[in-house]
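Good morning, colleagues. I would ask you to look at the structure on the screen while I speak about its salt bridges.

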Amino acid sequence: MTATAPITQDVLTLPRKRPEGPVNLVGLTRDQLRDALLQAGTPEKQVKMRVNQVWQWIYHWGVREFDAMTNLSKAYRALLAEHFTIALPEMVSRQVSADGTRKYLVRIAGGHEVEVVYIPEADRGTLCISSQVGCTLTCSFCHTGTQKLVRNLTAGEIVGQIMLARDDLEEWPAPGTGTGESGPRLLSNIVLMGMGEPLYNFDNVRDAMKIAMDGEGIALSRRRITLSTSGVVPEIARCAEEIGCLMAVSFHATTDEVRDRLVPINKRWNIATLLDALREYPRLSNSERITFEYVMLKDVNDSDADARRLVKLISGIPAKINLIPFNEWPGAPYERSDWARIERFADIVYKAGYASPIRTPRGEDIMAACGQLKSATERARKSRAQIAAEAGQG
Ligand code: SAH
Ligand code: SF4
């Protein structure tokens, strides 16, 4: 890079090395926590117990101060406070939609921002979390795709989004209550469907989800976590093996010609290659079907012929088709399909034997619906020309 290269520090994707200082415990795996506690001087003989205690304080009770860890001696609490912090990203704002959807703007180190959306439903509450600031991909219907990748989130920043939402929902157990499951949860499900492509930040997403699934902490079942990918084929099997969560795929088109334009990663791994990887998804079964996400774009991918091609393409894969009415954003080059069209499409898919729910847009009034997320404060934008070129339209 020359001195005149027009790239600012902010756009570099590697986190800068932090100066010596307290280490944040949030986001460390159990093994990393063990190493950190040992390095701080915890005796080897005690370390297993200490890991369990600290873990429970942070992830089960939601405690942020070492002083509140009352089953540790005062001296040990002081040792921890000297070496460590328990730090979450900062919640900058919180908007509540008329339909109860909450959108949080969350600031992470470096001043970057990501959005997190909480969607309450009668029988569950789903948190949609982000894995990257911006996205390297440029799906032409997605608002996030117009924002350059700024950087990957750390594991702490990913699990931190869940912890912030639990703070807001006041869902940490009250001190002194039992450690067992108690009643229905406000935050019962996680979808990795916010900003970014989770499989391009695999290790951090995996570590964060392992923390969220750990039975002595947040304890969400792996079946209540769904990771959505645009189709990063080489990482799909790893997702089943190393995370074990459910899989959703942004399918969106039934010919390579159209998918190349909508989801440009298709030029690298086309529909046939993607479907092969999904057929071999290690955890595939009727109870753990793959969700095919399909955004309904007027006159682009919403014909009867598309619906028929879709069911033919996926035949043999235990699947459900989630139809997403396109959510508009300023400058978007598409329109939402008419309701009658969406219903007709859903009907064809349903009659072919697949569940075909239409995703009700939630939180549209606060720009919290699918594909509308983008941090307004980020100045780094892809140009229209760049998006068009990458989408193969230029
Ligand atoms: N990067 C991942 C996950 C984030 S996007 C992925 O692409 O799968 C979550 C879902 O919202 C994806 O299916 C995405 O294609 C869809 N989406 C993006 N923009 C949208 C929009 N404007 N309207 C409706 N759905 C959209
Ligand atoms: Fe990135 Fe997903 Fe948006 Fe595509 S749809 S640009 S992969 S966030």
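A residue is called buried when its relative accessible area is under 20%, exposed when that area is over 50%, and partly exposed in between, with a 1.4 Å probe and protein chains only. The model is a predicted one, in which local features need pLDDT of at least 70, side-chain atom pairs count only at pLDDT 80 or more, and totals for chains, interfaces and linings use all residues. Residues are numbered from 1 along each chain as its sequence is written, chains are lettered from A and ligands numbered from 1 in the order in which they are written, and side-chain values use heavy atoms, with hydrogens and water left out.

How many salt bridges does a search of the whole structure find? The search finds 27, a salt bridge being a side-chain nitrogen of Lys or Arg within 4 Å of a carboxyl oxygen of Asp or Glu.

Let us begin with Glu113, which is buried at a relative accessible area of 3%. Its side chain forms a salt bridge with that of Arg107, at 3.2 Å from N to O, and Arg107 is partly exposed at 30%.

Next, Asp168 and Arg102 form a salt bridge at 2.8 Å, N to O. Asp168 belongs to helix 4 (residues 155-168) and Arg102 to strand 4 (residues 102-107), so the pair ties together parts 66 residues apart in sequence. Helices (H or I, at least four residues) and strands (E, at least two) are DSSP runs, numbered from the N terminus. Asp168 is buried, at 19%.

Finally, the side chains of Asp67 and Arg77 meet in a salt bridge of 3.8 Å, N to O. Here Asp67 is exposed at 58% relative accessibility, whereas Arg77 is buried at 13%.
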